[in-house]
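Please walk through this protein model with me.

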Amino acid sequence: MKKFIIAMLIMLTGVAAASARDSYSRDIKVLPAAAQNFIARNFKAKVNLIKIDSGTFSSTDYDVILTDGSEIDFDSAGNWKDIEVGRSAKVPDAAVPEATRRYVKQNHPKAKIVGIERERSGFKIELSDGIEFETDRAGAFRRYDD
């Protein structure tokens, strides 16, 4: 029992220390160069807020909110991990594999891609009509999400 309590105290201390490392900025220059370039090339809106999440294992994630309400999550190298835009906008083509764009155009011609999440095995896609599906790494359709 004593070991369990000590382990819980250590874990709670670690969680508190990790959450205390979040900081915020409005300056795009705090982002890695790759993230800055991605935003400049693909979005007209400006940065509204950046949450800098310094992890416990020296990795830093960046959660960016743009003035148009779009949200982009970047890893420590500046690679996007997740993009969400409003229903009236669409995810930039540069972030969507060609196979996925073709699939949406053929099977959901009235829908736009409003969300994309990079996963180990591929991508998770959200359409403006509420449909969600998964693709493989090349962007080929795998299955609809439940």
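**From fold to single residues**

Along the sequence, the protein chain runs α-β-α-β-β-β-β-α-β-β-β-β. That makes three helices and nine strands. The model is predicted, so local features are described where pLDDT is at least 70. The chain has 146 residues, and 31% of them count as buried. It exposes about 9200 Å², with carbon and sulfur atoms supplying 53% of that area. Take the contacts between residues at least 6 apart in sequence: 37% of them join residues at least 24 apart.

Now the pocket. The largest one has a volume of about 200 Å³. Which residues line the largest pocket? They are Lys 90, Val 91, Asp 93, Val 96, Arg 101, Arg 102, Val 104, Lys 105, Ala 111, Lys 112 and Ile 113. Helix H3, residues 98-107, gives the largest share of this lining, with four residues. By type, the lining has six charged residues, five nonpolar ones and no polar ones.

Two of the lining residues, Lys 90 and Asp 93, also pair with each other. They form a salt bridge, with the closest N and O atoms 3.2 Å apart. Is Lys 90 buried, exposed or partly exposed? Lys 90 counts as partly exposed because its relative accessibility is 44%. Asp 93 has 39%, so it is partly exposed as well.

A search of the whole structure finds 10 salt bridges. Another of them joins Arg 143 and Glu 134, where the closest N and O atoms are 3.2 Å apart. Arg 143 is partly exposed, with a relative accessible area of 38%. Glu 134 has a relative accessibility of 10%, so it counts as buried. The cut-off for buried is under 20%. Salt bridges that share partners tie Glu 134 and Arg 143 into one network with Glu 119, Lys 124, Arg 142 and Asp 145.

Look next at Lys 124 and Asp 145. Their salt bridge has its closest N and O atoms 3.9 Å apart. Lys 124 is partly exposed, at a relative accessible area of 25%. Asp 145 is also partly exposed, at 24%.

Strand S7 also holds Glu 126. Glu 126 is partly exposed because its relative accessible area is 23%. Which residues does Glu 126 touch, leaving aside those up to four places away in sequence? They are Arg 87, Lys 112, Ile 113, Val 114, Gly 115, Ile 131 and Glu 132.

Gly 86 sits in the loop between strand S5, residues 80-84, and H3. From Gly 86 to Val 114 is 28 residues in sequence but 6.6 Å in space, C-alpha to C-alpha. Gly 86 is partly exposed, with a relative accessible area of 34%.

His 108 is in the loop between H3 and strand S6, residues 113-119. Is His 108 buried or exposed? His 108 is buried, because its relative accessible area is 10%. Beyond residues up to four places away in sequence, His 108 touches Tyr 103, Leu 127, Asp 129, Ile 131 and Tyr 144.

The last stop is Ile 28. Its place is the loop between strand S1, residues 22-25, and helix H2, residues 33-42. Ile 28 is partly exposed, with a relative accessible area of 28%. Not counting residues up to four places away, Ile 28 touches Gln 36, Ile 39, Val 47 and Ile 50. The C-alpha atoms of Ile 28 and Leu 49 are separated by 8.8 Å, and the two residues are 21 apart along the chain.

Note on methods. Residues numbered from 1 in each chain as written. Predicted model: local features only at pLDDT ≥ 70, side-chain atom pairs only at ≥ 80, totals over all residues. Heavy atoms only, no water. 1 Å grid on protein atoms, 1.4 Å probe; cavity = no way out; pocket = protein on both sides within 12 Å on 5 of 7 lines; lining within 4 Å. Points joined across faces, edges and corners; volume = space filled by probe spheres on them. Helix = DSSP H or I, 4+ residues; strand = E, 2+ residues; numbered from the N terminus. Nonpolar A, V, L, I, M, F, W, Y, C, P; charged D, E, K, R; others polar. Salt bridge = Lys/Arg side-chain N within 4 Å of Asp/Glu carboxyl O. Buried < 20%, exposed > 50% of the residue type's maximum accessible area, 1.4 Å probe, protein only. Contact = heavy atoms within 4.5 Å. Areas by Shrake-Rupley, 256 points an atom, 1.4 Å probe, with all protein chains shown as cover.
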